[in-house]
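Please open the structure in a viewer and keep the selection tool at hand.

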Amino acid sequence: MNEMLEITIWQLVSAYIFIVILLAVVRWRKISREKEIVIATLRMTIQLVLVGYVLIYIFEHEKMIYSLIVLVIMETFAVYNIYKRSKQKLSKDLKKIIAISMFSGTLLAFIYFDFIVVQFSPWYDPRYFIPIAGMLIGNSMTGITLGVSALIEGFTSRKKEVEAALMLGATPNKASQGIVNHAFDAAILPTINSMVGMGGIVFLPGMMTGGVILSGAGPLEAIKYQIAIMLGITGSVSLSVILFLFLGYKTFFNKYAQLKW
Amino acid sequence: MFLIRNLKYKDILDIKKLTIESGNIICLFGASGSGKSTLLKMFNVMLTPDEGEINYKDTAITALDPVQLRKEVVMLGQDPIVFEGTVRDNLLIGLRFSGKNEVEDQQLISLMKKLHLNKELEEDASNLSGGEQQRLAFGRVVLMDATVYLMDEPTSALDQDTETAVMDYFTEFIKKNEKTAIMVTHSKEIADRYSDRMIYMDEILTKAGESYE
């Protein structure tokens, strides 16, 4: 069970048959997407091969600085990805809050996970450090992206309600409570669903395989890891989304407690 | 109570001087687009002027905590807003927002009666008609026990009988409790009948070379 099946290069090449099938279907249905599919496939391949070589290097030269550099790169890409994926225009202040909450939320959760829950040894062991940090960061990125869009959407569609509340002497905090709660719900829901929803039945065995590979041990060990990682993801997503919302709503008001929008 | 000096806001408002005394019902009267609502929003810092100053009880309004000020100078906006929940929730929400003590159902029922609002407290507020929603929003503001009431077209969606009933009640409430009300209206009739003082927008706005004292 501890040995992983090796995929030979020819076996790997044979997997590209799926893309060939997709291309055939697309051409047959006259959906002009061939170019995008080919480019996406090439990009994915090149990216993964490059990442593979970088990881080989880092795994072989176990150094604290490498793990930390990868962490910072992942965080930075995640923040830019949130900026890019947001359909609405983001104010400078809101961008700042996104970066702050993304970095501090995921790092706090990760430090707890690393030093208290799993206790990697050494704490920067790239085999654990990089994939687990990646999972926390990736999921928090999705959470904050959803939170950003729900928050802006809320302030746009419920502008008059917020103003009416302010006119009655509500603090900005109270006036935007409904919007913030709704945004939290929208941001956190996918994470909750992946834990308890029917989707779990579908995804769990898949994630278990990942866990087995990660730990190089039997299913029971893998499940323990999986539980710890799921909880870690939930913690990281909640923490970064809460930070984002509690700091972010303030950027919609000026010093006179007026809506800026 | 309010003193405005050299106020400018975009190209909407340009007021040299305007004083508003307490214990009155004041109507801001003028054509649509004359800046009535904009001026009203200045009195509780829902908007801030580009230039000039507004004093409230001898203190510059921008030096006051806007949230505290709005508890004292409450406002009813032009569009009646209904919040999620029952009629009761909607009446009490202003008190909840501002952290004031809630009132008993009996007081709510008697208020609704005066506003000709024949609804159950338990009813979902989103089921109310436009005119009923306006009276609901009106009632919510009256309950606030403020010093100054800023009302922007508070009866625009009401038929004449209901309007008279609501305004009669409101005027009596203001007089009896020695409150101040500043009201925007474009009904000359309402302004004539209920106000102690009428402020015509085209008289207070500075035209080139003129000034109003």
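Strand 1 of chain B, residues 2-9, is the place to begin; in this predicted model it pairs with strand 2 of chain B in the antiparallel sense, over seven bridges. For one such pair, select B:R5 and then B:K17, its bridge partner in strand 2 of chain B.

Now turn to the contact between the chains, to which chain A gives 15 residues and chain B gives 18 residues. On the side of chain A that touches chain B, select helix 7 of chain A (residues 159-167), which supplies the largest share, seven residues. By class, this side of chain A has eight nonpolar, three polar and four charged residues.

Finally, select helix 5 (residues 92-118) and helix 6 (residues 126-157) of chain A. Their axes lie 10 Å apart, and the packing angle is about 145°. The crossing of helix 5 of chain A past helix 6 of chain A is right-handed. Among the residues that meet here are A:M102, A:G105, A:A109 and A:F113 from helix 5 of chain A, and A:I132, A:L136, A:S140 and A:I144 from helix 6 of chain A. Colouring this contact by class will show 13 nonpolar and four polar residues, with no charged residues.

How values were computed:
Residues numbered from 1 in each chain as written. Chains lettered and ligands numbered in written order. Predicted model: local features only at pLDDT ≥ 70, side-chain atom pairs only at ≥ 80, totals over all residues. Pairing = 2+ DSSP bridges. Helix = DSSP H or I, 4+ residues; strand = E, 2+ residues; numbered from the N terminus. Contact = placed C-beta atoms within 7 Å. Nonpolar A, V, L, I, M, F, W, Y, C, P; charged D, E, K, R; others polar. Axes fitted to C-alpha atoms, helices over the stretch in contact; angles between N-to-C directions. Left-handed = near helix turned anticlockwise from the far one by under 90°.
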